[in-house]
Amino acid sequence: MTSTPEAELEKLAHQVSVDVEELAFLSAVPADDLRALRGQISEALFQADRHHFVKVAALSKSIPSALAAKITEFALPPMIAARTSELLDPAKAVDMVGRLSERYLANVSAVMDPARSPHIIEQIPPERIAMVARELAARQEWVVIGGFVSVVSIDGLRSSVAAFTGEQLLRIGFVLDDTARLGEISAMLTDIQVDELLAAAAESELWRELDELVANIDEAQAARLVERLAGSPDEVRAGLTGAPLSSATTTKLGLSGS
């Protein structure tokens, strides 16, 4: 399941390094078409310099992982490292990930297309995934995190969710490449995280983010939101009551009659 056209535009803007306002002329394009365009751009960028990545990957394969990691972090720009990783043997790539610094890994992740390397990402240890996730969240790289959520292992997802605040999760959920995982994420949330995301929606007017979450969770998970909302501070309930949320959200959260 893909996200909304608005979310897809944000992801496309991130990919081509422009402000989302500059892509307003694409606002009427369906979400699936925007996602297909992102895939085409990613492939074109990779193929344009593939011969360089092949050479770097070949060199990496011929030397020990410890040395390859040191050379990579010292000499390779994050973009080159990200593209080269797509050509490495998964075991070699995962070994190198364990030897690179948190900051460098976050830099590489910020320019990486997770959909091109799922066979590598799903094998990275959960604690390493969570470490990079925290760094990316500190940088407010919501689009980057949203892309990785689609391909990390269930244990990697659980470790990452535990590292985020409710507000961070709400912002990440809006730009997930696979919104079907919102149900999985919702099931992992602590009561504190649920309270935080409801408070963040009210205080920061994250209406589209809350709409996206509620649209992709089941009735039991929605009932939990209703229960936590009932015990929320007055200002949170007041902030959500009458807010410009979708009719489906107001109905699910019991706000339509408030």
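This is a predicted model: local features need pLDDT of at least 70, side-chain atom pairs count only at pLDDT 80 or more; totals for chains, interfaces and linings use all residues.
1. Local features here need pLDDT of at least 70 and side-chain atom pairs count only at pLDDT 80 or more, while totals for chains, interfaces and linings use all residues. Residues are numbered from 1 along each chain as its sequence is written, and side-chain values use heavy atoms, with hydrogens and water left out.

2. Searching the whole structure gives two cavities of 30 Å³ or more, a cavity being a set of points, on a 1 Å grid over the protein atoms alone, where a 1.4 Å probe fits but cannot get out, with lining residues having an atom within 4 Å of a point. The largest cavity has a volume of about 510 Å³, volume being the space filled by probe spheres set on the points, which are joined across faces, edges and corners.

3. The lining of the largest cavity comprises 35 residues, and Val97, Ser109, Met112, Ile124 and Phe148 lie nearest its centre. Several helices (DSSP runs of H or I, at least four residues, numbered from the N terminus) each supply at least two of the lining residues, among them helix 7 (102-110), helix 10 (142-149) and helix 11 (154-163). Helix 9 gives the largest share, five residues. By class, this lining has 28 nonpolar, six polar and one charged residues, where Ala, Val, Leu, Ile, Met, Phe, Trp, Tyr, Cys and Pro count as nonpolar, Asp, Glu, Lys and Arg as charged, and the others, Gly among them, as polar.

4. The second largest cavity holds about 90 Å³ of space, and its lining includes Leu169, Leu182, Leu197, Glu209 and Leu213. Helix 12 supplies the largest share of that lining, four residues, and helix 13 (181-188) and helix 15 (207-215) each supply at least two. The classes here are eight nonpolar, two polar and one charged.

5. Helix 4 (residues 65-75) packs against helix 6 (residues 90-97) at an angle of about 65 degrees, with axes 9 Å apart; axes are lines fitted to C-alpha atoms over the stretch in contact, and angles run from 0 to 180 degrees between N-to-C directions. On the helix 4 side, Ser65, Ala68, Ala69 and Thr72 meet Lys92, Asp95 and Met96 of helix 6, contact meaning heavy atoms within 4.5 Å.

6. Glu6, in helix 1 (residues 5-16), is partly exposed, with a relative accessible area of 42%, that class lying between buried (under 20%) and exposed (over 50%), for a 1.4 Å probe and protein chains only. Beyond its neighbours within four places in sequence, Glu6 is in contact with Phe174 and Arg208.

Conventions: On a 1 Å grid over the protein atoms alone, a cavity is a set of points where a 1.4 Å probe fits but cannot get out, and a pocket is an open set with protein on both sides within 12 Å along at least five of seven lines; lining residues have an atom within 4 Å of a point.
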